[in-house]
Amino acid sequence: MVALVRTVAYLGLEARSVEVQCQVAPGLPRFTVVGLPDKAVSESRERVQAALSAMGLALPPKRITINLSPADLPKDGSHYDLPIALALLAAMGVTDAEQLGDWIAVGELALDGRVVASPGVLIAALHASEAGTGLICPAEQGPEARWASGVPVLAPRDLVSLLGHLKGSLVLDEPQRGAVAEAALGNDLKQVKGQETAKRALEIAAAGGHNLLMVGPPGSGKSLLASCLPGILPDLPPAEALEVSMVQSVAGTLEAGRISRARPFRAPHHSASMAALTGGGLKVRPGEVSLAHLGVLFLDELPEFQRPVLDSLRQPLETGRVDVARANAHVTFPARVQLVAAMNPCRCGYAGDPARNCNKYPRCVGDYQARLSGPLLDRIDLHVHVAAVSAIDMALPPPTEGSDAVARRVATARARQTARGVRSNAELEGDKLETFATPDEAGGKLLLQAAEKLHLSARGYTRMLRVARTIADLARAESVGRTHIAEALSYRQMTG
């Protein structure tokens with residue numbers, strides 16, 4: 001007899017069907033797992049055997065073969081423990097094999113028989129919804145699985161309670177859907193004194209989802225400005241919140257099934273590797289650019305990142321996804337991010353500062369900024385200089401306008417963009433770009449003159465139109481005019 005239990009293999013945000021086949025046959029006692037298992041899957045033999053022993057069950061003195069089908073699909077992760085144990089119990093006659101055919105099982109086993117958490121349960125639940133089956137998962141991840149609509153969920157704490165439910169001697173309660181986590185909005189713009197130009201650029205970036213680079217001396221408030229961005233961005237719509245939670249589920253960072261409507265804000269250290277930033281590793285996992293999907297990726301001290309690491313962002317910024325190619329797998333993660341970066345004008349940080357001199361100017365500026373490639377800078381829509389803040393500025397009373405007022409203007413501008421059928425103006429392209437962002441005669445003339453003088457690339461020209469469209473949206477203007485083009489051009493050139 002061969003017992004079958006269904007589970008899944010994760011490839012990016014995609015779940016592939018996997019059938020766990022178990023055969024208990026006469027022969028020398030042996031427990032074998034085949035079907036391209038990785039180290040964690042191969043070690044499931046020891047965890048399963050210990051969990052069954054904790055229940056008072058011993059493996060039969062026969063040849064036990066577990067096949068993970070399809071055999072040519074690589075299997076990795078500890079979530080295969082539970083389906084392997086269930087298939088073995090069915091083959092041993094402890095539970096009904098046919099009854100398990102209506103379920104997909106995922107979960108790791110502890111040595112005492114507890115079912116413990118493993119990454120990717122939300123992905124498995126959505127797959128079960130498409131397949132029309134139920135899902136068996138760890139108890140602590142039941143709230144996460146319940147976000148997939150219409151999926152029966154069994155969330156046992158241990159194997160004993162699961163077998164009791166399947167036999168009808170115990171009834172497991174249906175888990176409740178996870179709560180919606182309250183957003184942590186970060187700092188308020190009232191904390192930023194002066195820097196009106198930078199605050200205006202931050203508002204434009206938030207309203208249109210544009211990439212932003214802030215250049216200024218140390219202590220000028222660049223990091224503080226970036227930390228204010230979450231407080232002015234609009235909440236995620238439910239569908240996008242679920243999309244972000246899928247990435248967090250695969251990464252194992254979705255706690256207690258809580259889904260947040262706040263946009264992600266990721267700020268990796270400049271020592272981050274390419275795999276940490278874009279994804280990869282021995283077991284391919286999403287990187288920071290995917291964990292920031294539909295949110296903000298903040299890179300402080302931008303030139304201090306390794307140049308190959310920064311250049312690896314060029315394709316994700318353009319396409320909105322990361323393709324990780326390996327010899328045995330090709331995985332795609334979403335990466336539709338808003339890049340916000342900060343940097344000093346030079347290594348010492350004081351080039352252009354009237355109060356302090358840069359002893360190696362202008363070579364210090366050229367060498368430092370040369371660490372950033374032209375194609376990467378071409379993908380940044382807004383370049384703004386953040387001047388040093390004086391003691392007189394710090395002594396001034398706080399600004400009267402805070403993040404709440406700016407957030408309302410941003411939400412109004414985003415609503416206009418949603419009505420055009422795009423999430424933000426940063427995604428305007430093709431016919432929609434031509435229809436909604438084409439400037440009037442005076443604006444078009446100014447843009448052509450500037451494009452010729454600044455030697456704008458085709459990408460730079462397109463991004464300039466998108467920024468101008470956002471400025472027009474903030475002004476509630478129906479068409480893009482000369483003033484909108486002029487303001488967009490003022491943010492285009494990098495200043496140092």
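I take helices to be DSSP runs of H or I with at least four residues, numbered from the N terminus. With that settled, I turned to the model, which is a predicted one.

Helix 3. I looked up residues 81-91, which form helix 3, and found that eleven of its eleven residues are buried.

Whole protein. I counted 21 helices and 18 strands, and the C-alpha atoms fill a box of roughly 85 × 45 × 45 Å along the principal axes. Of the 496 residues, 52% are buried, while the accessible surface comes to about 21900 Å², with 51% of it belonging to carbon and sulfur atoms. Among contacts with a separation of 6 or more, 74% are between residues 24 or more positions apart. For charge, I found 52 positive and 51 negative side chains, and the centres of the two sets lie 4 Å apart.

I then followed an open sheet of five strands, in the order 13-14-17-11-18, whose pairing is parallel. Its edge strands are strand 13 (265-266) and strand 18 (382-385), each of which pairs on one side only. As a reminder to myself, strands of a sheet pair through backbone hydrogen bonds, either parallel or antiparallel.

Note on methods
Residues are numbered from 1 along each chain as its sequence is written. This is a predicted model: local features need pLDDT of at least 70, side-chain atom pairs count only at pLDDT 80 or more; totals for chains, interfaces and linings use all residues. Side-chain values use heavy atoms; hydrogens and water are left out. Helices (H or I, at least four residues) and strands (E, at least two) are DSSP runs, numbered from the N terminus. Buried means under 20% relative accessible area, exposed over 50%, partly exposed in between (1.4 Å probe, protein chains only). Contact means heavy atoms within 4.5 Å. Accessible areas come from the Shrake-Rupley method with a 1.4 Å probe; for residues, only the protein chains shown count as cover. Lys and Arg count as positive and Asp and Glu as negative; His and the chain ends are not counted. The place of a charge is taken as NZ of Lys, CZ of Arg, CG of Asp or CD of Glu. Two strands pair if DSSP finds at least two bridges between them.
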